[in-house]
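Trainee: Before we look at the model, could we agree to go through it element by element, with each term given its cut-offs when it comes up?

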Amino acid sequence: MQSTIKDISLAPSGEHKIDWVKKNCPLLRNLEIEFSKTQPFKGYKIALSIHLEAKTAYLCKVLAAGGATMYITGSNPLSTQDDVAAALVKSGLNVYAWHGCTDEEYDQNILRVLENDVNIIIDDGGDLVHALHTKYPEKICHVIGGCEETTTGIIRLIAMDRAGDLKFPMVLVNNADCKHLFDNRYGTGQSVWDGINRTTNLIVAGKRVVVAGYGWCGKGVAMRAKGLGARVIVTEVDPIKAIEAVMDGFDVMPMKDAAPLGDFFVTVTGCAHVITPEHFALMKDGAILCNAGHFDVEIDMKALREVALDTIDQRQNITGYKISEGKWIYVLAEGRLVNLAAGDGHPAEIMDMSFAIQALSAKYLIDHKDDLGEKLIDVPREVDLEVAKRKLNYLGKNIDTLTKEQEEYLNASL
């Protein structure tokens, strides 16, 4: 076993966290039992880079129960929980991650995972796939395929495939209905405001919240802000999504018009430089900025540091930037993912569905390793539906089924 973590003595705390997740993840519990019997991953090495907290840890343990040799790192320097990493190492898994690592150390940990001739990639944002193609192309021959968790990662994969650079199949986990409809909307919506509220200890009701981006994550953030009593403004570049926001009851305007109005700003676009010096200069004293997109590029932090007259560590995970005399703006968690860098991420019951999709997608790659054609693979519909049926069962809900007559009606050609 090989590992590089902060402190193995933290393991008992991490074990308690993982145990709580297990109690609240019935889908993964069931898969752990199934995989322990069938051993679908026996003899295979799985590389995983996802935010390293308790829910991710339980996914790793489920895959290991199925016979996988796990090589694990985080997908963000500030979202790794050191006690959880220690608990995984104590369980016999290989972990290379610690909270607050530098960018250089983060990159090195990615490479440490990939040194092991892995067969399956489970990625969150595309860093494993990118590093494998650029740093270890000679090891691609060992890879059957991989699974991508996020919108950002899928955007990178599509670009690689379009350029002809993607060398192995990737399952687009984020595109599964049981992932993006629930994880991105309800998970992001709740966990973002959990991170903001526990970090700032400020009221949301009556404030103006500016949500940049109205994809599934933005919809969730805006919905929860409205539920907390905020007046919500949405900024968008897509006219269709902008109309959706208007019809959902939100105001829509360009960021330069929203900048002087907002009390809270949340970026969820997957793009770069959504909030720039032009906008910093327009913001009111005390405005609070945070990011819920995968990479810390949506708020132009480099430019903010350059234009700031002074800075202050106001509270844990809150940095103040003096923009002019008498005006400070505040950034949460250094502009990194606020729900994970300043919180515990999505609720366990939501990630139960997302990680069940991940585990079954990894199994799908192995089961079909000899006949995988396309480089970009959608999660099979039967997998999506199976996860939904299991979730409904655990929720104690039943639904109707089509009669034979109804099926014939729907499938009739004339």
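Trainee: Which residues in α5 are buried?

Mentor: This is a predicted model, in which local features need pLDDT of at least 70 and side-chain atom pairs count only at pLDDT 80 or more, while totals for chains, interfaces and linings use all residues. Residues are numbered from 1 along each chain as its sequence is written, and side-chain values use heavy atoms, with hydrogens and water left out. Helices (H or I, at least four residues) and strands (E, at least two) are DSSP runs numbered from the N terminus, and buried means under 20% relative accessible area, exposed over 50% and partly exposed in between, with a 1.4 Å probe and protein chains only. On that basis the buried residues of α5 are Tyr 106, Asn 109, Ile 110, Leu 111, Val 113 and Leu 114.

Trainee: What covers the buried residues of α5?

Mentor: Contact here means heavy atoms within 4.5 Å. The cover over the buried residues of α5 includes the strands β1 (45–49), β2 (69–73) and β4 (120–123), and also α6 (127–135).

Trainee: How many of the twelve residues of α3 are buried?

Mentor: The expected span of a helix is 1.5 Å times one less than its number of residues, and for α3 this gives 16 Å, in agreement with end C-alpha atoms that are 16 Å apart. Among the buried residues of α3 are Lys 55, Tyr 58 and Cys 60. The helix is mostly covered, and the number of its buried residues is ten.

Trainee: Why does Glu 149 count as buried?

Mentor: Glu 149 sits in the loop between β5 (145–148) and α7 (151–162). Leaving out residues up to four places away in sequence, Glu 149 touches residues including Asp 123, Lys 179, Met 351 and Phe 355. Glu 149 counts as buried because its relative accessibility is 4%.

Trainee: Which side chain does a polar contact of 2.8 Å join to that of Glu 149?

Mentor: A polar contact is a pair of N or O atoms within 3.5 Å; within protein, one must be able to donate a hydrogen and the other to accept it, and residues adjacent in sequence count only if both atoms are side-chain atoms. At 2.8 Å, the partner of the Glu 149 side chain is that of Gln 358.

Trainee: Which side chain makes a polar contact of 3.1 Å with that of Asn 184?

Mentor: Asn 184 is found in helix α8 and is buried, with a relative accessible area of 4%. A polar contact of 2.8 Å joins its side chain to that of Lys 179. At 3.1 Å, the partner of the Asn 184 side chain is that of Asn 174.

Trainee: Is Asn 201 buried or exposed?

Mentor: Asn 201 lies in the loop between α8 and β7 (208–212), and has a positive phi of about 55° although it is not a glycine. Since its relative accessibility is 62%, Asn 201 counts as exposed.

Trainee: Which element gives the most to the lining of the largest pocket?

Mentor: On a 1 Å grid over the protein atoms alone, a pocket is an open set of points where a 1.4 Å probe fits, with protein on both sides within 12 Å along at least five of seven lines, and lining residues have an atom within 4 Å of a point. The largest pocket is lined by 49 residues, with Thr 151, Cys 217, Val 268, Thr 269 and Gly 270 nearest its centre. Elements that give two or more residues to this lining include α3, α7 and α9 (216–227). The element that gives the most, with five residues, is α8.
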